[in-house]
Amino acid sequence: MLVTSPAFKENAHEALSDEQLRKALGNVRAGFIDKRAKAAEALPEFEALRESARAIKDHTLANLDLYLTAYEEKVVAAGGKVHWAETAAEARGIILDICRMHDAKTVAKGKSMITEEIELNDFLEASGIHPVETDLGEYIIQLRGEHPSHIIAPAVHLNKEQVEEDFRRVHTDLPPDRDLSEPASLLGEARRVLRRKYFEADIGITGANFLVAETGSSIIVTNEGNGDLSQILPRVHIVVASIEKVVPTLEDAAQILRVLARSATGQEMSVYTTISTGPRRANDPDGPDEYHVILLDNGRSAMLGTEFQDMLRCIRCGACMNHCPVYHAVGGHAYGWVYPGPMGAVLTPALVGIDKAGHLPNASTFCGRCEAVCPMKIPLPGMMRHWREHEWERGLNPAVVRSGVRFWAWFARRPPLYRLATYLTMPLLAAFGGRKRRFRFLPFAGGWTKYRDLPAPQGRTFMQQWRDRDALKQGGAA
Amino acid sequence: MNTREAILGKVRNALGAGDDPGRLEAVWARLMNAPTGVIPARGQLDTTSRVALFCSMAQQAAATVDRVADETAVPAAVSAYLRARNLAPRVRMGGDKRLKSMPWVDERNLQVRYGSTDGEDEVSVSHAATAIAESGTLLLVSGKENPTTLNFLPDHHIVVVDASDVAGDLETALQKVRQRYGKGEMPRTVNLITGPSRSGDIEQTLLLGAHGPRALHIIVVGG
């Protein structure tokens, strides 16, 4: 997909004035935050499990080459096939080859962010193969020709009236006077329509939440059951997974599963956690005849050994965006690529380049909620800071920002001068602030005052107050 | 093979990993010993309380639960479930030995069909290999006797589980699978099922009955 991250500011402006979107984004706050908090509170070991999950991923990443080869060996032993892909194009090529080998016309897809990352749908469509998204949210946005706006709730930016419109537009063989006013009737219709598609599909494609080195298994975690139907009804099951999805053992997967569902949707456990190993066995009455895994790098190995390695612990639960005030305001599409929110602000620059995605790590208030709720304890704000440094070092910031920061830095490196300047400016600003004690317009602060008043400084500078406080404390101690 | 070596080479370089035998040993030990991490205290109970916790957690996940004294009471419990919901007296099940040995013939109105489903069956009956009390989760394994399609295509999925098979935690249940199939071996599919299928994709309104069963009914035998 076209990377529109360079236009983040324009995207965000557009999002802020979109009434439908404002209404839909209200559901993020209401739908996710309380549920996660309750689920975390109900499990006394939740914090200990976060620490355990973090340690498992750190250990795995430090030995990633060994776990990947151990995993591969077990997949092959179970009768599956492993394909390695360095780039998105290579992964698409491998998938197309498998489709061609089976003369596939349609492909049923479980929800998978990695297939968004490699732009699989457009590619298959262009190659004459019809991909059908079977997750309800993904199905809706496929009908609309859109991309997910959230990594676990892809259609969170839509309201039910919009979905009704799309269903009426596309499901033309159904009676036009049918009632679609409630989410339940929309879900029922999607269920009926998609049922046929699983049986028609020649190939099923899913992602993977985990790959287990001990057993050569892939694990998907879902609520709808579509990921399971997509892999047991077609003759061929293709798993697309990036290399950092591997964990050592079933026990390790169990630790991370406990924090995954709780952080994502506030469930104790998602409805379906499915562990798939190889193709159907000789006596199995159902299941796929072939099982393929595509192990994709696509920029991950370049993050290893850098200050961004910790990002590879991410398990795609979505908690960071659910708790992000910037995401709440602009939604997922504004971020301009596959991964939105704080995790996207760190991952997107790594995968598409800081030159294109520089706005994303800057679109943060550094409130720290993302890091506080991240089940894998990924220091997201810290890594956004690293990206800002990279951006600065490579001279990618606009000239006005660079000269502004230089001007400020010149003072900041000369503390006495800095203190003097603030000491002199403060009363001046306070005086100009007038009786209302705020500015409706201020030179060099137009970006702020365009939308709200800037409060005028009152009283003394921070440094003065700090000195007073120290003096008071010392006085108190004596 | 070239791509494989290229990716592994990049990973090794990035990690600064030489031929340190200590790494291999640590990885091997972890794969062999599969150490358990943090196990929630919640499920560490005596049998009676463990089964009770399983039932209440499953209900919390919107499953319905019935308890019967022994396996001979299962067919009657299935019939009762169908009657209460006005469903046709027809079920499909795999050839699971424990299910087959139950007195289905006593339910004279109940038609039992065997094998995997093509989607035309309204109700299926499966036997769980084990269950997990901490989360109210059923664990089902695929195989000759347990077609996976039965877990997903019918509107109503009835799952029988022995009270003695209910584990306190996820790790204990996975250890049972390991004991049954051998270390490092797995059946094609292990389904961990917690409640009936659902979706919150439209306006984050949680609705039951997405693509999988609309209803999950659990029959706990004994305990």
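**Start in chain B**

Select strand E2 of chain B, residues 90-93, together with strand E4, residues 123-127: the two run parallel and are joined by two bridges. To find a spot where they pair, show B:Arg92 and look across to B:Ser124 in E4(B), which stands opposite. Keep in mind as you click around that this is a predicted model.

Which residue of E3(B) stands opposite B:Met93? Look for B:Tyr114.

**Over to chain A**

Next, colour chain A by secondary structure. You'll be looking at 23 helices and 12 strands. Chain A has 478 residues, and 51% of them count as buried. Of the contacts between residues at least 6 apart in sequence, 74% join residues at least 24 apart.

**Last stop: two helices**

Select residues 136-144 of chain A, helix H8, and residues 160-170, helix H9. They pack at an angle of about 65°, and their axes are 10 Å apart. Turn the view around a bit: the crossing of H8(A) and H9(A) is left-handed.

From H8(A), show A:Ile140, A:Leu143 and A:Arg144; from H9(A), the residues they meet are A:Val163, A:Asp166 and A:Val170. Colour this contact by class and you get four nonpolar residues, two charged ones and no polar ones.

Note on methods
Residues numbered from 1 in each chain as written. Chains lettered and ligands numbered in written order. Predicted model: local features only at pLDDT ≥ 70, side-chain atom pairs only at ≥ 80, totals over all residues. Axes fitted to C-alpha atoms, helices over the stretch in contact; angles between N-to-C directions. Helix = DSSP H or I, 4+ residues; strand = E, 2+ residues; numbered from the N terminus. Left-handed = near helix turned anticlockwise from the far one by under 90°. Contact = placed C-beta atoms within 7 Å. Nonpolar A, V, L, I, M, F, W, Y, C, P; charged D, E, K, R; others polar. Pairing = 2+ DSSP bridges. Buried ≥ 20, exposed ≤ 12 C-beta atoms within 10 Å, placed from the backbone.
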